[in-house]
Amino acid sequence: GQALAVTLLAFLLIVNVALAISLIEGRRLGIPFLHVLFDVTSAFGTVGFSTGLPPQAHAATKLLLVAMMFVGRLGPVTVALALTARRSDERYRLPVEPMRIG
């Protein structure tokens with residue numbers, strides 16, 4: 001259950017970022033989608049391989065690739081949990097009383 005959820009979350013993140021980069025760089029550089037997908041997957045896996053996209057890429061593309069490296073290093077579930085707002089739900093309170101000694 002959890003492994004499938006993590007895999008699906010990572011897959012959706014990789015595809016969405018690849019689509020975003022493809023929209024940013026597609027017409028300007030004429031890069032095939034498969035090359036963009038390779039670069040994004042490599043960034044997520046922190047592998048270090050590239051098709052040569054980053055040196056000629058737009059600043060937004062570079063920031064997306066850096067974000068993918070960061071998310072890939074930490075893990076998608078850790079980043080998702082860190083970004084969601086958690087409220088402290090106090091279900092009980094321990095009694096507090098000053099202690100007299102001596």
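**Helix α1 and its neighbours**

A10, L13, I14, V17, A18, L19, I21 and S22 of α1 touch F33, V36, L37, V40, T41 and F44 of α2. Let's start with that contact. One caution before we go on: this is a predicted model.

What classes of residue make up the contact of α1 with α2? Twelve are nonpolar, two are polar and none is charged.

Now the geometry. Helix α2 covers residues 33–44. Its axis and the axis of α1 come within 9 Å. They cross at roughly 130 degrees. An angle over 145 would count as roughly antiparallel, and 65 to 115 as roughly perpendicular. As for handedness, α1 passes α2 in a right-handed crossing.

Next, α4. How do α1 and α4 cross, left-handed or right-handed? This crossing is left-handed. The two axes come within 10 Å, and the angle is roughly 165 degrees. That is over 145, so α1 is roughly antiparallel to α4.

Which residues meet here? From α1 we have L13, I14, V17, A20, I21, I24 and E25. From α4 we have A60, T61, L64, L65, M68 and V71. By class, that gives eleven nonpolar residues, one polar and one charged.

On the α1 side, the contact uses V6, L9 and A10. On the α5 side, it uses P76, V77 and A80. Six residues of this contact are nonpolar, with no polar and no charged ones.

Last topic: the largest pocket. What is its volume? The volume is about 150 Å³.

Which residues line the largest pocket? The lining consists of L9, L13, V17, L64, A67, M68, V71, P76, V79, A80 and L83.

Some names come back. L13 and V17 of α1 meet α2. L13 and V17 also meet α4. Both are in the pocket lining too. L9 is in the contact of α1 with α5, and L9 lines the pocket as well. On the α5 side, P76 and A80 are in the contact with α1, and both line the pocket.

That's my tour. Over to you.

Key
Residues numbered from 1 in each chain as written. Predicted model: local features only at pLDDT ≥ 70, side-chain atom pairs only at ≥ 80, totals over all residues. Heavy atoms only, no water. 1 Å grid on protein atoms, 1.4 Å probe; cavity = no way out; pocket = protein on both sides within 12 Å on 5 of 7 lines; lining within 4 Å. Points joined across faces, edges and corners; volume = space filled by probe spheres on them. Contact = heavy atoms within 4.5 Å. Helix = DSSP H or I, 4+ residues; strand = E, 2+ residues; numbered from the N terminus. Nonpolar A, V, L, I, M, F, W, Y, C, P; charged D, E, K, R; others polar. Axes fitted to C-alpha atoms, helices over the stretch in contact; angles between N-to-C directions. Left-handed = near helix turned anticlockwise from the far one by under 90°. Parallel < 35°, antiparallel > 145°, perpendicular 65-115°, else oblique.
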